[in-house]
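Let's take a friendly look at how some side chains sit in this protein. Keep the picture at hand while you read.

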Amino acid sequence: RTTRWLHRCLGARRHADRTALFGIVQGGTYPELRRQHAQELVSLDLDGYAIGGLSVGEDREALVEMAGLSAAELPSDKVRYLMGVGHPVDIADAVIRGVDMFDCVMPTRAGRHGHAYTSLGRRNLRTGRYRQDPEPLDPACGCEACTRYSRAYLHHLVKTKELLGKRLVTLHNLTFYQGVMRELRKAVFSGDTTRLAVVREACAQASRPA
């Protein structure tokens, strides 16, 4: 069905010089189906390729394995886009396996619910441990939430359901994710595998409860 939709899109496409059309690799957690579908899409020489059907309830090991398998079947000179992922460590593991681009509600949805990804781990600002905590949300971050407000104040905003709390924690998460991607990009472009491993471990730390 995905391939049929793609052919319909190709037939209806206008202004190909101003738009990019991606094919979406499906196949669940079945390696041969993913390989077969990826090869079928690559034969169409599209502008880029997406990896779909993941982050929908499968375990993390399967997610990483299928993302890597799919990326390996796609041309390295075209954008490889993993849909719906996710946690910082999942992003790092996918980058290591050849993925270039991501989209996910995680940083904004987590922010709306008072969850912050930080260099010291994932913080749930709804918990009472932050009620009188004067420290910044993440000492390593330069965003507005971290430079102007304490964990205690952010906790207060989250607990009282103030919209400012949702805004500030979301702003922090987006800043954090941008920093993660910046560091991953530097490591990839420099070809420094040691640096890439360090960034990956930092992403793993950020994904663990603080």
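Tyrosine 153 has a relative accessible area of 34%, so it is partly exposed. In this predicted model, tyrosine 153 and tyrosine 149 form a stacked aromatic pair, with 5.4 Å from centre to centre and 25° between the planes. The count of aromatic pairs comes to 3.

Another of these pairs joins phenylalanine 22 and tyrosine 81 in an edge-to-face arrangement, at 6.3 Å centre to centre and with 70° between the planes. Phenylalanine 22 belongs to strand β1 (residues 22–25) and tyrosine 81 to strand β3 (residues 79–83), so this pair ties together parts that lie 59 residues apart in sequence. Phenylalanine 22 is partly exposed at 23% relative accessibility, whereas tyrosine 81 is buried at 16%.

Now for the cysteines. How many disulfides does a search of the whole structure find? The search finds 0 disulfides.

| Residue | Relative accessibility | Class |
|---|---|---|
| Cysteine 9 | 40% | partly exposed |
| Cysteine 146 | 7% | buried |
| Phenylalanine 22 | 23% | partly exposed |
| Tyrosine 81 | 16% | buried |
| Tyrosine 153 | 34% | partly exposed |

Definitions and conventions: Residues are numbered from 1 along each chain as its sequence is written. This is a predicted model: local features need pLDDT of at least 70, side-chain atom pairs count only at pLDDT 80 or more; totals for chains, interfaces and linings use all residues. Side-chain values use heavy atoms; hydrogens and water are left out. Rings of Phe, Tyr and Trp (its six-membered ring) pair if their centres lie within 6.5 Å; planes under 30 degrees apart count as stacked, over 60 as edge-to-face and the rest as tilted. Helices (H or I, at least four residues) and strands (E, at least two) are DSSP runs, numbered from the N terminus. Buried means under 20% relative accessible area, exposed over 50%, partly exposed in between (1.4 Å probe, protein chains only). A disulfide is a pair of cysteine sulfur atoms within 2.5 Å.
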